[in-house]
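Work through the exercises below with the model open. Try each task before reading its solution.

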Amino acid sequence: MAFFKKRTPEKEPIVIDERLQHIAFIMDGNGRWAQRRGMQRPMGHIEGMKSFDRLMVHCRELGIPHVTVYAFSTENWKRPKPEVDTIMNLLSSYMDRGINELEENRTAYHFIGDKSGLPDKLREKAEYLEKISAHLPLTLNIALNYGAHSEMVHAVNTLIASGKTEVTADDINGALYTAHSPYPDLLVRTAGEYRLSNFLLWQLAYSELYFTDILWPDLSNDQLDDIIRSFYNRNRTYGGLKGGDKGAKTAK
Ligand code: IPE
Ligand code: IPE
Ligand code: MG
């Protein structure tokens, strides 16, 4: 008797179109990935960085114009120093790779958050990478020492300093760290937490949210493809009705 392998139906190839201009990630679960293997938490960040590298290559290959990742929050300084040091060292090496692979990555880097709170060398490297990559076509926003509350306070103070006494939603948007990117169409959070943890609170007003239990180091390219397919099956109505006006503009 012949055995035939059951064929899984072919999945639709992903074609990135105007519906998905910006995807944001809360890269969560590195610590648990390590702890479940009996390893120290910093090992999880090393693995998380590999996942980040791989998934960013995948996003580039898919041609997603804007990607934003939550790498380190204003609250993450509460963690033990060796863990914070590991994360900062990984980010420093990441920036070195970005500098060395500049043109092939086709990516303009933006480090969003309060750079003044970063170690001097890391801040200088981040600013250098931003400067030399500014002409490249894809955008990667890396939220580093980022908190949405501190971003909004910074935006309001910038507007006050420019002489404004009254503001519009466009003014606020233009003063946020993400002024150069459209609002995220899709937010993905890994590791089974259903919260935003002070991430892009203004920008996510009408984003589609996707939560998965998969830990960040385990999120595969195929799983991301499935998440994107499920995004394309969503119906975004922005408070209107199906098939009505599209666009994430909110009332002012
Ligand atoms: C996310 O993973 C990475 C950072 C916050 C820097 P975590 O380190 O929060 O992993 P868990 O949530 O403890 O598993
Ligand atoms: C959010 O994850 C910050 C980053 C992914 C960088 P956290 O693990 O710090 O958030 P909470 O503590 O679960 O809210
Ligand atoms: Mg976490």
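**Exercise 1.** Which residues in H3 are buried?

Solution. The model is predicted. Begin with the extent of the helix: H3 covers residues 81-100, 20 residues in total. From first C-alpha to last, H3 reaches 29 Å, close to the 28 Å expected at 1.5 Å a residue. Next, apply the cut-off: buried means under 20% relative accessible area. In H3, Glu-83, Val-84, Thr-86, Ile-87, Met-88, Leu-90, Leu-91, Ser-92, Tyr-94, Met-95 and Gly-98 are buried. Finally, look for the cover. It includes the helices H2, H4 (102-105) and H5 (120-133). Strands S2 (66-73), S3 (107-112) and S4 (138-146) are also among the elements covering these buried H3 residues.

**Exercise 2.** Describe how H2 and H8 pack.

Solution. Two packed helices are described by the angle between their axes and the distance between the axes. For H2 (residues 41-62) and H8 (residues 221-232), the angle is about 50° and the axes are 10 Å apart. H2 and H8 are therefore oblique to each other. The crossing of H2 past H8 is right-handed. Now list the contact. H2 supplies Arg-54, Leu-55, His-58, Cys-59 and Leu-62; H8 supplies Asn-221, Leu-224, Asp-225 and Ile-228. By class, this contact of H2 with H8 has five nonpolar, two polar and two charged residues.

**Exercise 3.** Is Cys-59 buried or exposed?

Solution. Locate Cys-59 in helix H2. Its relative accessibility is 2%, so Cys-59 counts as buried. Then set aside neighbours within four places in sequence: Cys-59 is in contact with Phe-25, Ile-64, Val-67 and Leu-224. Leu-224 belongs to the H8 side of the contact with H2.

Methods: Residues numbered from 1 in each chain as written. Chains lettered and ligands numbered in written order. Predicted model: local features only at pLDDT ≥ 70, side-chain atom pairs only at ≥ 80, totals over all residues. Heavy atoms only, no water. Axes fitted to C-alpha atoms, helices over the stretch in contact; angles between N-to-C directions. Helix = DSSP H or I, 4+ residues; strand = E, 2+ residues; numbered from the N terminus. Parallel < 35°, antiparallel > 145°, perpendicular 65-115°, else oblique. Left-handed = near helix turned anticlockwise from the far one by under 90°. Contact = heavy atoms within 4.5 Å. Nonpolar A, V, L, I, M, F, W, Y, C, P; charged D, E, K, R; others polar. Expected span 1.5 Å × (residues − 1). Buried < 20%, exposed > 50% of the residue type's maximum accessible area, 1.4 Å probe, protein only.
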